[in-house]
Amino acid sequence: MIKNTSTFKLTALAVITPLLFTACSSTQSTNQQSDAPVPAKKFDLSHWKINVPVDLNNDGKIDEIDVEEIQTYAHPDFFYLDEKGYMVFTSPNKALTSANSTNTRSELRQMIRGSNTKIKTKHSKNNFALAVHPLSDRFGSVGGKMEATLKVDHVALRATDPDKKAAYSVVVGQIHAGKDQALIDTKLGYGWGNEPLKIYYKKWPGHKTGSVFWNYERNLAKTNPDRTDITYPVWGNTWENPNEPGGAGIALGEEFSYTVNVYKNVMHLTFSAQGKEDVNYSINLGNNVDAYGKVDEKDHPHGYAADWHYFKAGAYNQCSTKSAKGIWYPGCLGTGDWTTDKQNGDYAQVSFSKLELSPATPPTK
């Protein structure tokens, strides 16, 4: 849908280049083994690490399993290979969360570096940029592709604020921009750590089917009231609609696929499911033209052009147990005891039959 490409020069970016190219983020080892079947035995996880909502190494933080460890890692409740060969991600409503988040996750993070830990997590060589980025040749890749086939097995059933948009939903795929204080300090409008893509599944309790949709977050500061998610439908409704989607939706346990192909500056999305027509979108991430071809005056004029990015996939549970103002806090129920919460249905679970990373490819006509 978007043909034009923004071009610009960010001379101030050269000032922060040394910081970007040396920034680091430590990965914590659990030093734990599990008898559960290991997903890496079937799936290529050579460029992924994972967060799981536990603290088995007792360091007070959510466990991060790096690329080397994940080759032999499984968690019997939250990350494992099931008897049908699906890679299963489970995330209770109430559990340990990553810093600055109230949402739990069992979720992979792309690591372009592979197992080469000499390259730090936030280093440019471990992340991808858009072609319009003035230093794009220094990144691990320009754009990239993520392809997945999955089914959502379960979403949270109980929320004290059910009308909050995030209730009963889970994110199954993302592109995340890096949180980078050095970029923020340039005052060019980058480094906020926003998300140009979140792929959602939401199903209201009692409905036969749920909805698939995706969100683009305006690339603005957290304090900016216009920093919000723009929602695009795929199958069924979008996240604020409480109506039963019926045959237009996707049922729990029903497989669907997505392809995210960031080629040069344009993110091309394809969604497919048996018995449904494919749904396609394209949006230039280097400007403020939306996926319908309309200029969004409230967005950053150059979108995410000078940010760095990475893919994520798994179960990012949106049913936060926090009750507060805003769409993100539906006050979902949960005790923190997994046996109890599983019995009460206070969790999200997603199972993948395919997950592949590859270089970006020119879109087909």
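Tutor: Let us begin with a definition: strands are DSSP runs of E with at least two residues, numbered from the N terminus, and two strands pair if DSSP finds at least two bridges between them. The model is a predicted one, in which local features need pLDDT of at least 70, side-chain atom pairs count only at pLDDT 80 or more, and totals for chains, interfaces and linings use all residues. Residues are numbered from 1 along each chain as its sequence is written, and side-chain values use heavy atoms, with hydrogens and water left out.

Student: What is the order of the strands in the open sheet of 7 strands?

Tutor: The order is β3-β4-β17-β8-β13-β14-β15, and the pairing is antiparallel. The edge strands, β3 and β15 (276-284), each pair on one side only.

Student: And which strands does β4 pair with?

Tutor: β3 (residues 79-81) is joined to β4 by 3 antiparallel bridges, with L81 opposite M87. β17 (residues 347-358) pairs with β4 over 6 bridges, also in the antiparallel sense, and there M87 stands opposite F352.

Student: What lies between β3 and β4?

Tutor: The two strands form a hairpin with 5 residues between them, and G85 in the turn has a positive phi of about 90°.

Student: Is β4 buried or exposed, then?

Tutor: Buried means under 20% relative accessible area, with a 1.4 Å probe and protein chains only. In β4 (residues 87-92), 6 of the 6 residues are buried, so the strand is largely enclosed by the rest of the structure. M87, F89 and S91 point one way, while V88, T90 and P92 point the other way.

Student: How many bridges join β8 to β13?

Tutor: There are 7, between β8 (residues 144-154) and β13 (residues 256-263), which run antiparallel.

Student: Changing topic: which residues are closest to the centre of the largest pocket?

Tutor: A pocket is an open set of points on a 1 Å grid over the protein atoms alone, where a 1.4 Å probe fits, with protein on both sides within 12 Å along at least five of seven lines; lining residues have an atom within 4 Å of a point. The largest pocket holds about 1,600 Å³ of space. Of its 49 lining residues, the closest to the centre are S98, A99, N100, R105 and H176.

Student: Which strand gives the most to that lining?

Tutor: β5 does, with 4 residues.

How values were computed:
Grid points are joined across faces, edges and corners, and a volume is the space filled by probe spheres set on the points. Buried means under 20% relative accessible area, exposed over 50%, partly exposed in between (1.4 Å probe, protein chains only).
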